[in-house]
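Here's a quick walk through one model, written for someone who likes to know the cut-offs. Have the viewer open as you read.

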Amino acid sequence: MAVIAFVNQKGGVAKSTSAVHFAYWLSQKRQKHVVVVDGDAQRSSSQWLAGMEMEETEIPCQVLSGPDALLEELPNLAEQYEYAIVDAPAGLAEETRAILFRCDLAVIPVQPSGVDLRSASDAMRLVKQAQSVRGGLPKAAAFLSRAVKGTRLKDEALSLLGKIERATLLQSVVHQRQVVADTSGQSATVWEMSGQPARDAAKEFETLFTEILSLL
Ligand SMILES: Nc1ncnc2c1ncn2[C@@H]1O[C@H](COP(=O)(O)OP(=O)(O)OP(=O)(O)O)[C@@H](O)[C@H]1O
Ligand SMILES: [Mg+2]
């Protein structure tokens, strides 16, 4: 079992989108035994999954609200699956801290803007606190999320993120695409959407998820 969490106290960086797509890819494309842990009281990922039609087996989803539930129940839950994918909430440091105490790998999606880069260092601060208590765990990685093609900001963000200590900067970048924004409203993932942008987005997610798995 491996617990992989998408964390960032900054809102709207694609934690839920990444968690749902990752769980779908592992379960439906790689035939892994997966559970999604929705750590957000807004329940975006559990509602998204509840409306989804699966090619293969259903993906179970457990809502764990609050730091106590996350700390106490995450290990037992994770034991029953090959992968537990955790969708962390925005804004709530205590919940994020609890998740960081229980995950093997923390993945931080970061949008390429000044504000978001600062928030990545806030997230890394919590990661480092957990690492100092847990003898180096969790492993941490950051990737550029919702990046707009061809902008200078993206290159600047990549070079800044590359300087974050004790976290791997993933080479994979997920670009901003309308088709990705449309997936949650349709209770779908990019693999079920048609057209070239959907295929391009699927390719980016596959590259990202393969890179994430290589870190475990
Ligand atoms: N690659 C993308 N291209 C376009 N839109 C995207 C992309 N990824 C996410 N979005 C959109 O950005 C918004 C925020 O995404 P999401 O809800 O996954 O972020 P979050 O970090 O979970 O937010 P919160 O902190 O509020 O839980 C959503 O409307 C989503 O559809
Ligand atoms: Mg979310």
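## Ground rules

This is a predicted model, where local features need pLDDT of at least 70, side-chain atom pairs count only at pLDDT 80 or more, and totals for chains, interfaces and linings use all residues. Residues are numbered from 1 along each chain as its sequence is written, while chains are lettered from A and ligands numbered from 1 in the order in which they are written.

## Around ligand 1

There are 17 residues around ligand 1, and those that come nearest are Lys15, Ser16, Thr17, Ala90 and Ala181. A residue is near a molecule here if its C-beta atom, placed from the backbone, lies within 6 Å of it. Helix 1 (15-29) and helix 7 (178-183) are the elements that give two or more residues to this shell. Helix 1 gives the most, with 3 residues. Helices (H or I, at least four residues) and strands (E, at least two) are DSSP runs, numbered from the N terminus.

By class, the shell splits into 6 nonpolar, 7 polar and 4 charged residues. Ala, Val, Leu, Ile, Met, Phe, Trp, Tyr, Cys and Pro count as nonpolar, Asp, Glu, Lys and Arg as charged, and the others, Gly among them, as polar.

Most residues other than glycine have a negative phi, and most peptide bonds are trans. Ala14, in the loop between strand 1 (2-6) and helix 1, has a positive phi near 95 degrees. Ala14 is buried, with 20 other C-beta atoms within 10 Å. Buried means 20 or more such atoms within 10 Å of the residue's own C-beta, exposed means 12 or fewer, and partly exposed is in between, with C-beta atoms placed from the backbone.

Arg43 also has a positive phi, near 60 degrees, and sits in the loop between strand 2 (34-38) and helix 2 (44-50). With 16 other C-beta atoms within 10 Å, Arg43 is partly exposed. Then there's the cis peptide bond from Leu137 to Pro138, with omega near -5 degrees; Pro138 is in the loop between helix 5 (114-133) and strand 6 (139-147).

## Helix 4 against helix 5

Helix 4 (residues 93-102) and helix 5 pack at an angle of about 40 degrees, with their axes 9 Å apart. The two helices are therefore oblique to each other (under 35 degrees is roughly parallel, over 145 roughly antiparallel, 65 to 115 roughly perpendicular, the rest oblique). Axes are lines fitted to C-alpha atoms over the stretch in contact, and angles run from 0 to 180 degrees between N-to-C directions.
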